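Welcome! Please take a moment with the sequence and the 3D view, and then let us walk through the contacts together.

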Amino acid sequence: MAALEVRDITSGYGEVQILWGVSLKLEPGKLTALVGSNGSGKTTMLRTIMGQLRAWQGQVTFQGQDITRLPSYQRASEGLVLVPEGRQLFTDMTVQENLEMGAFAPRPQPQMRRNMERVFALFPRLAERRSQKAGTLSGGEQQMVAVGRGLMAEPRILMIDELSLGLSPRLTLDLFESLRRLKNEGQTILLVEQNVAMAMAVGDYAYVMAEGRVKMEGHARDLLHNEEIRAAYLGV
Amino acid sequence: MPAQVLTSVVDGLMLGFVYGVAAMGMTLIWGVMRVINLSHGPLIALGMFGTYFLFTGLGLNPYLGLLLIAVVGLVAGFVIYGVAVHRVINAPYLSSLLATFAVSMMIIGVGTAALSTSPFNVDFSLGSVAAGPLTIPGTRLMAAFAAVLVAGLLYLFLYRTKPGKAIRAVSNNRGAAELMGIPSSRVLALSFGIGTMLAGLAGGLIATFFPFTILSGETYQLKSFVIGVLGGLGNPIGALVGGLVLGLLEGIIPAFMPVSWVPVIEFALFVLVLLIRPTGLLGGRA
Ligand SMILES: Nc1ncnc2c1ncn2[C@@H]1O[C@H](COP(=O)(O)OP(=O)(O)O)[C@@H](O)[C@H]1O
Ligand SMILES: [Mg+2]
């Protein structure tokens with residue numbers, strides 16, 4: 001059974017339709033990459049999966065259950081976790097409080113201390129900054145808090161929107177290394193990423209979106225080496 | 001400083017603590033959900049009547065009565081939020097302003113019909129405490145003490161407990177809070193409940209030393225605005241400090257000019273702060 005299955009989703013903002021029948025499937029324990037040029041609808045897709053945007057048509061199935069009409073906080077409580085584009089930290093709260101909020105749901109709550117140590121092991125810099133307000137951190141550190149906060153929820157599925165956006169190449173490498181480690185621990189991941197080459201390198205499976213539709217899907221390595229796709233959709 | 005002025009200053013300060021509690025309620029609601037609660041004043045007045053009926057009717061000690069006022073205030077806040085505020089929470093400011101104004105009119109309408117507008121008085125005294133040239137009424141001292149206690153408890157709640165932190169998270173970024181599994185609508189209801197509770201407590205305390213009518217809350221609502229802006233709207237600690245500043249001014253001003261100048265100076269200060277430091281003297285948001 002797929003960890004998450006999205007079937008024929010249409011959605012948009014107000015009257016404006018953005019997604020035109022998108023279907024995706026996440027296999028448990030795999031890293032699935034979702035790529036496509038700016039404005040192709042990736043963020044809109046993630047927001048619809050989370051229920052922040054209403055699906056006009058289609059179905060979202062999570063662990064075999066139809067969650068298409070569930071409010072987003074309940075999806076999050078169930079372990080469907082999104083690290084949103086632009087980080088969306090609680091900027092007036094400390095790093096530690098941000099991480100605590102990640103473990104708000106009853107399911108991850110009992111393991112909060114242990115998971116926080118895990119996050120600090122993954123991002124040692126956050127341990128030093130734990131009492132600092134999240135809004136005062138550098139961009140890279142903020143992204144670490146955003147990912148760490150997501151991990152505190154003990155995600156059954158971790159979705160990350162633009163992991164490397166605005167980060168230095170050095171930090172991007174570090175974060176991808178952390179991601180690879182998470183994957184090796186068996187974490188199911190959906191990664192939206194501008195840096196297509198890197199996404200494909202860590203990804204098992206990939207979807208290429210354009211103009212609100214899935215134009216291509218396949219094993220990440222095959223897609224990356226397909227000249228036609230590279231030229232048409234990946235711009236690499 | 002002549003003893004009379006000193007007494008007036010200390011009096012003002014004591015009162016300032018209570019203003020702080022009233023303002024905390026208003027500023028908490030603003031900070032969390034960006035709603036200016038125009039029913040804040042009438043809710044303060046209901047707190048005053050709460051003390052009156054519990055004391056005069058049931059003979060309950062006013063400070064014990066406050067516990068009951070707190071619980072009823074919390075529940076009343078949930079109900080007002082659910083009935084009047086939730087449906088307009090994502091609408092433009094004017095809608096929530098009108099919604100809370102409607103609640104205000106209902107309370108004042110029913111209150112005027114049932115309680116008239118002639119003043120009530122809680123006949124309760126704790127004597128007074130003399131310290132050197134100062135004489136402080138016991139009820140004022142107790143009110144200041146209770147206000148500090150309430151402010152301290154609110155701080156502990158917001159910074160040390162899980163629901164308190166959830167309130168701060170929703171206030172900071174509601175969308176992100178939902179992504180953490182925080183049911184933000186319930187958190188908003190809780191915040192409105194606590195804001196209403198604080199209004200009731202402030203009223204309940206004021207009733208132990210001032211006479212009042214169902215219309216008396218309006219003054220304190222206006223003061224809460226001024227204080228909120230002084231201390232930074234959305235900042236409960238700033239509200240307490242702002243309350244003290246206002247109380248102090250009210251103690252000092254009458255020594256130098258007619259009492260009728262007090263509101264003039266308060267609102268001049270209000271406008272000045274808005275012009276120079278719109279985030280408040282202590283900076284905004286919890
Ligand atoms: N809040 C919004 N309101 C209206 N249109 C939006 C909004 N957010 C995004 N869009 C539009 O939706 C389309 C897809 O955007 P998005 O999902 O953010 O793409 P991507 O994440 O792939 O860059 C774009 O044309 C964008 O202009
Ligand atoms: Mg995007």
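## Salt bridges, a metal site and an interface

Helix α7 of chain A (residues 169–184) holds both A:Glu177 and A:Arg180, which sit three residues apart, about one turn of the helix. These two residues form a salt bridge, with their closest N and O atoms 3.8 Å apart. A:Glu177 counts as partly exposed because its relative accessibility is 40%, and A:Arg180 counts as partly exposed at 38%. Please keep in mind that this is a predicted model.

How many salt bridges does the rule count over all chains? The count comes to 13.

| Salt bridge | N to O distance |
|---|---|
| A:Glu177 and A:Arg180 | 3.8 Å |
| A:Glu5 and A:Arg7 | 3.5 Å |
| A:Arg114 and A:Glu154 | 3.3 Å |
| B:Arg168 and A:Glu97 | 3.0 Å |

Look next at A:Glu5 and A:Arg7, whose side chains meet in a salt bridge. A:Glu5 counts as partly exposed at 23% relative accessibility, and A:Arg7 also counts as partly exposed, at 37%.

The salt bridge between A:Arg114 and A:Glu154 reaches across the sequence. A:Arg114 lies in helix α4 (residues 112–122) of chain A, and A:Glu154 is in the loop between α6 (139–151) and β7 (157–161) of chain A, so this pair ties together parts that are 40 residues apart in sequence. Is A:Arg114 buried or exposed? A:Arg114 is exposed, with a relative accessible area of 52%.

Chain A also has a network of salt bridges, which links A:Arg125, A:Arg129 and A:Glu141.

### The magnesium ion

Now find ligand 2, a magnesium ion. Which residues coordinate the magnesium ion? They are A:Thr43, through OG1, and A:Glu85, through OE, at 2.0 to 2.6 Å. A:Thr43 belongs to helix α1 (residues 42–50) of chain A, while A:Glu85 lies in the loop between β6 (80–83) and α3 (95–102) of chain A, so the pair ties together parts that are 42 residues apart in sequence. A:Thr43 counts as partly exposed, with 21% relative accessibility, and A:Glu85 counts as partly exposed at 33%.

### Where chain B touches chain A

Finally, turn to the place where the two chains meet. The contact involves 22 residues from chain A and 20 residues from chain B. About 1900 Å² is buried between the chains, and carbon and sulfur atoms give 58% of that area. Of the area that chain B buries against chain A, 36% is supplied by B:Lys162, B:Leu179 and B:Met180, more than by any other three residues.

Nine residue pairs are in polar contact between chain B and chain A, and the rule finds two salt bridges across the interface. B:Arg168 and A:Glu97 form a salt bridge, their closest N and O atoms being 3.0 Å apart.

Which elements give two or more residues to the side of chain B that touches chain A? They are α6 (162–172) and α7 (174–179) of chain B. The largest share, six residues, comes from α6(B). By residue type, this side of chain B divides into 10 nonpolar, four polar and six charged residues.

Terms used. Residues numbered from 1 in each chain as written. Chains lettered and ligands numbered in written order. Predicted model: local features only at pLDDT ≥ 70, side-chain atom pairs only at ≥ 80, totals over all residues. Heavy atoms only, no water. Donors = N, O, S within 2.8 Å, 3.2 Å for Na, K, Ca; no water. Helix = DSSP H or I, 4+ residues; strand = E, 2+ residues; numbered from the N terminus. Buried < 20%, exposed > 50% of the residue type's maximum accessible area, 1.4 Å probe, protein only. Contact = heavy atoms within 4.5 Å. Buried area = accessible area lost by both parts, 1.4 Å probe. Salt bridge = Lys/Arg side-chain N within 4 Å of Asp/Glu carboxyl O. Polar contact = N/O pair within 3.5 Å; in protein donor to acceptor, adjacent residues only side chain to side chain. Nonpolar A, V, L, I, M, F, W, Y, C, P; charged D, E, K, R; others polar.
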